[in-house]
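Student: I have a structure to go through with you. Can we look at it together?
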Amino acid sequence: MKRRLMLILIAAAALLQADPPTFVSLGGASPLVTLRLVVRTGSASDPKGKEGLAALTAAMLAQGGTRQLTYDQVVEALYPMAVQVGYQVDKEMTTFSADTHVDNLEAFYGIFKSMLLDPGWRENDLKRLKDQTINEIRVSLRANNDEELGKEVLYNLLYEAHPYGPLTLGSASTVGSIGLGDLRQFWRTNYTQGNITVGLAGAYPATFPARIRRDLAVLAPGKRATPVRPAPPALHGWNLHIVDKRTRSVAYSIGFPIEVKRGHADYLALLVAQSFLGPHRSSAGVLFQNLREKRGLNYGDYAYIEYFPHGMFQFEPDPNLARVQQIFQLWIRPVEVPTAHFALRLAFHELDRFIQNGLTPAQFEQTRNFVTKNVNLLTKTKRAELGYAIDSLFYGIPNYGRYVVDGLRKLTVDDVNRAIKKHLQMRNVQVVAISPNGEELKTKLLANEPSPMTYTAEKPKELLEEDKQVDSRKLPFKAEKTKLTPADRLFE
Amino acid sequence: MIKRMLLAVSLTGLLAAAAPPKQKAFPYTYDQHDLNNGLRLITVPTSFPNVVALYIVVQVGSRNEVEPGKTGFAHFFEHMMFRGTKAYPPEKFQDTLQQAGAANNAFTSDDLTAYHTTFSKQDLEVMLRMEADRFQNLEYALPAFQTEALAVLGEYNKNSAAPELRIDEVLAETAFKKHTYSHTTLGYLADIKDMPNQYAYSKEFFNRFYRPEYTTIVVVGDVQIEPVRTLVKKYWSGWKRGAYQSIIPVEPPQESPRAAHIEWPTPTLPYSVMAFRVPAYTDTEKDSAALDLIAALGFSRNSPLYKTLVLDKQQVDSLQASYSNHVDPYLFTIVSRVKKNEDLPAVEEAVLSTLANFKDSPVAAERLNRVRRNLRYTMARGLDNSEAIASTVAQAVALRRTPETLNRIAEMYESLTPQDLLEVARRYFMENNRTIVTLTGAPK
């Protein structure tokens, strides 16, 4: 009797501290209903030695069947509705998303609910999804995508021994070690009611949110995670990591941690700075103009203040990759081997000049105007609108569009230039190069000999003058802070 | 318990399937208007607020690259279209896009080149004026041309890390011997490297293809039909017609099966790609629609083959098939990414056996209906914002210059019978019509 009372008291105490699921409802008249369920958990919660657990758990829910239906039965049931449950895992967030015609909402939701709340946990599915994950690491990322590989290695190095360090997918060996028990445990502990945010848009019935809320009650109660992460390890000096692989050209990712994220007083100032330097896939940025348009060094060059994976396949960032810490990053798309040294020098030359000079008032006005209008395009789909709204809850800011537009109105060129000087620097940086004949590139970069450019095309005198400054620019790499790794050793 | 659950699911499925489609596959009212010079304007007002998506589709692609040494030129020329005019030098072009907060890019495929911009509705006139200027008055000097050729090489480089580009190249040159589909849109590396020397040819290229009769303007979003017509007439009606007609070599019938193998220099998963020569896109004959349905029935995520190879035996980690709409006869392609080299023959056998089934016996009507439903909803789901609608219309425009294409093919899906599929399968899935390309990686 006493024990039972105690249990009730403990349960009551837990309930008092528990948060309910959060709802973001956009409504609307569209017959397409968009459902986006975000769990505040991700790979930062992976136990040591089980890196990849958050990602594999989400994969098992989205592509592993329910207790009632095997995965092929789930696919069979969803197929005529043309619905697929998408999932995405990052450090702090796990997202499940689907769009369905309102005709099919009832049938779809019944299955979706079971996928997340009553999973099948079958060995055969786990085996398939582990294979799939390991192939994504070894083949899709490491063997076939030099650009994404460079970006992920950069994060890996900047967050060494930090929860943000390991690849979200894990490594081949840690994924291999994950069992059904690990998945169940992760799901029970992290998929709590408090950690769930449900986003809804479209012409769903008025009673739908309440119904979802009732269904989510089968999950354990819990407080909403408000992650506090240790500071990233201090970065000292110039660090170079060359990944050696058989490939045609050299891909660079360059960066360092920054304290700025959405909600930070300098976020909008850095957003403008990023946009001037090189907005993703736009041809207007300084980097794109000077590396590609004027010199033809590669296909494009961009700057980032937030995590933006899969950038080679898309123009807009995906929402729900919110993190409590971000890095500043330059992405230099693959350059030909003979111009690889010069291209790196030019990237730093541009960054240096940018930090020194900042923006002129006219450049500021133009960039601010661009960002103010362009932000509307980021939320052109209901999927994105919901995603951004959920991210805004995470960061504790108003609706992202409003936050940007209102904040930019008050922003001055001095704010931007001050923020650039405060947060961007070239004293402590990490450079990652994915390169053929890595030893050769290493020798070249450490020797710091001039790397003069030659052009087939006629170039203006000013450009050739500038090249002379660039081609002998010292990049202060040191042998003791330089590493060379064969690609096939990464993420094993 | 399992049975009851399944019954519930399938009943719901049947009820929804029984509901007749109330509207056309492309449900938007649109205006299709031809200017005297041959330029076509398609305007699609939507209820999505503020945003306008502008697609300018030129019916030129790598298909039109008939001269030797000029592969990849349509794509290269797409790059050159960003190199400015007298009125809008590149800096001013970029500034104008910046002022509009616009997202702007372009792409090229076998049959089309499309330039697309998404922006707020108040900037429509600025955008139409600026685009009209570059389509009529493009002007670039030799240095800009030579520099841009290097950016194209950069594009080749960034794509070359993945084996898919090489597979596309080998499949194209193995399956086609005369037709220009024998090379990829990106072009051969040797031709890309020679691009800086093709300045004079680039002028000729512009002169041939960047003409109103090859071009369709698609405006989708928060707009009204009349004002769009007025603006397009104002800025585009002075554009002069051209006279060039592409003569594309006809591919002779294939007489025996073909095969090629690629040894990829680094470790990767093996691929098996099987392709059959099939007819050009049609929405008046049954072939295209039937091949779309066969691709879904035989190889999509709910197909028996997917269940066997991907879910049960787990020999394959990705299985896809497509009939890709093309202006001229092209390929029906099945791509399997296999987990182990030694499973390649078994996977090939399983794919062949699936195709044989389509030739031997008609598919169940119920399965056919499920696929039709999937295609209907896939189409509806894909039209959920102005940019997506414009992009869908652009693809249709490349084939038949009208969004009506989308309705016609959808109606064809509805009209086909299991017997139709059987006949189409028998017509095209023949050994003499087949090309197989395999790829294996270096040992770890």
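Student: Which domains does the assignment give for chain B?
Tutor: Domain 1 (31-236) and domain 2 (258-440). These bounds come from an automatic or database domain assignment. This is a predicted model: local features need pLDDT of at least 70, side-chain atom pairs count only at pLDDT 80 or more, and totals for chains, interfaces and linings use all residues. Residues are numbered from 1 along each chain as its sequence is written, and chains are lettered from A and ligands numbered from 1 in the order in which they are written.
Student: How many residues does each domain of chain B put into the contact?
Tutor: Domain 1 of chain B gives 32 residues and domain 2 of chain B gives 30. Contact means C-beta atoms, placed from the backbone, within 7 Å.
Student: Which element gives the largest share on the domain 1 side?
Tutor: α6(B), with seven residues. Helices (H or I, at least four residues) and strands (E, at least two) are DSSP runs, numbered from the N terminus.
Student: New topic: chain A. Is strand β6 mostly covered or mostly open?
Tutor: β6(A), residues 238-244, is mostly covered, with five of its seven residues buried. Buried means 20 or more other C-beta atoms within 10 Å of a residue's own, exposed 12 or fewer, and partly exposed in between, with C-beta atoms placed from the backbone.
Student: How many bridges join β6(A) to β10?
Tutor: Seven, and β6(A) and β10(A) run parallel. Strands pair if DSSP finds at least two bridges between them. Asn239(A) has Gln430(A) as its bridge partner in β10(A).
Student: And what stands opposite Val243(A) in β11(A)?
Tutor: Thr485(A). Five bridges join β6(A) to β11(A), also in parallel.

Conventions
Two residues are in contact if their C-beta atoms, placed from the backbone, lie within 7 Å.
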